[in-house]
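Please look over the chain first.

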Amino acid sequence: MIEYIRGTVASLNPAAVVLETRDGVAYLLNISLPTFSSLDGAKEARLWVHESIREDAWVLYGFHEERQRELFRQLIGVSGVGASTAILILSALAPDELATVISSADVRRLKSIKGIGAKTAERIIVDLKDKIKPSSDTLILQPQSGSDAFEEALAALVMLGFDRKLAQKSLKSLFDADPTLKVEAAIKKALSMM
């Protein structure tokens with residue numbers, strides 16, 4: 001099992017990163033938005049890895065913090081929550097926010113994330129309430145220019161499976177209200193609007 005991968009950032013977008021190791025092997029890792037934000041502008045990175053090996057695919061998921069990987073593993077352990085849904089949850093809620101939402105049984109907040117219905121939200125809370133506790137981790141946002149942030153946020157939402165026109169409409173209203181909005185914050189707000 002792969003614990004982590006350290007290498008040069010060969011390519012990066014809001015949904016995935018390619019890390020090239022010293023021996024010339026490049027790995028494609030699916031990532032969450034907090035991981036994207038932490039890698040933005042980085043030349044080298046070390047990501048904690050979760051491997052998903054199925055009959056038809058071998059998929060790697062990368063996380064900037066070990067805690068994010070642990071939360072991902074706990075989320076996919078809940079019946080009805082797949083890897084894509086877990087990445088969406090971790091993209092919409094910072095680790096401390098997620099822990100607070102689960103510990104306070106905030107079903108409404110979980111339901112606001114695409115792909116999470118009432119039953120799934122309740123199941124996540126019931127299954128993880130005793131396993132996930134808030135900590136003192138903080139999320140650091142990277143500054144972005146307005147138009148670049150809009151384009152990156154739009155690309156991320158489209159890659160996550162949202163309709164391009166709906167995503168543009170949501171992001172336009174957000175950036176009209178606050179042109180200095182950062183990519184990660186814009187995506188989180190847009191996820192709660194759609």
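## Aromatic pairs

Phenylalanine 150 and phenylalanine 175 are both buried (under 20% relative accessible area; exposed is over 50%, partly exposed in between; 1.4 Å probe, protein chains only). The model is predicted: local features need pLDDT of at least 70, side-chain atom pairs count only at pLDDT 80 or more, and totals for chains, interfaces and linings use all residues. Residues are numbered from 1 along each chain as its sequence is written, and side-chain values use heavy atoms, with hydrogens and water left out.

Rings of Phe, Tyr and Trp (its six-membered ring) pair if their centres lie within 6.5 Å; planes under 30 degrees apart are stacked, over 60 edge-to-face, the rest tilted. By this rule there are four aromatic pairs. Tyrosine 61 and phenylalanine 72 have ring centres 5.0 Å apart and planes at 35°, so this pair is tilted. Tyrosine 61 belongs to strand β5 (residues 58-63) and phenylalanine 72 to helix α2 (residues 66-76), so the pair ties together parts 11 residues apart in sequence. Helices (H or I, at least four residues) and strands (E, at least two) are DSSP runs, numbered from the N terminus. Tyrosine 61 and phenylalanine 72 are both buried.

Phenylalanine 150 and phenylalanine 175 pair edge-to-face, at 5.6 Å centre to centre and 70° between the planes. Phenylalanine 150 is in helix α7 (residues 146-159) and phenylalanine 175 in helix α8 (residues 164-177), so this pair ties together parts 25 residues apart in sequence. Ring pairs also link Tyr61, Phe63 and Phe72 into a cluster.

## Charges over rings

A charge sits over a ring if NZ of Lys or CZ of Arg is within 6 Å of the ring centre and within 35 degrees of the ring normal. The charged end of arginine 46 sits over the ring of tyrosine 4, 4.6 Å from its centre. For lysine 114 over the ring of phenylalanine 162, the value is 4.5 Å.

## Packing of α2

How do α2 and α4 cross? The axes of α2 and helix α4 (residues 95-103) come within 10 Å and cross at roughly 40°. Axes are lines fitted to C-alpha atoms, for helices over the stretch in contact, and angles run from 0 to 180 degrees between N-to-C directions. The crossing of α2 past α4 is left-handed (the near helix is turned anticlockwise from the far one by less than a right angle).

Arg67, Gln68, Leu71 and Leu75 in α2 meet Pro95, Asp96, Leu98 and Ala99 in α4; contact means heavy atoms within 4.5 Å. Buried residues of α2 include Arg67, Gln68, Leu71, Phe72 and Leu75. Their cover includes α1 (33-39), β4 (44-53), β5, α3 (83-92), α4 and α6 (118-128).

## Single residues

Isoleucine 132 lies in the loop between α6 and α7. At 2% relative accessibility, isoleucine 132 is buried. Beyond neighbours within four places in sequence, isoleucine 132 contacts Leu71, Gln74, Ala99 and Ile102.

Threonine 35 lies in helix α1 and is buried, at 0% relative accessible area. Leaving aside neighbours within four places in sequence, threonine 35 contacts Leu47, Gly62, Phe63, His64 and Gln68. Alanine 105 is in the loop between α4 and α5 (107-111). Phi of alanine 105 is near 55°, a positive value in a residue other than glycine. At 33% relative accessibility, alanine 105 is partly exposed.
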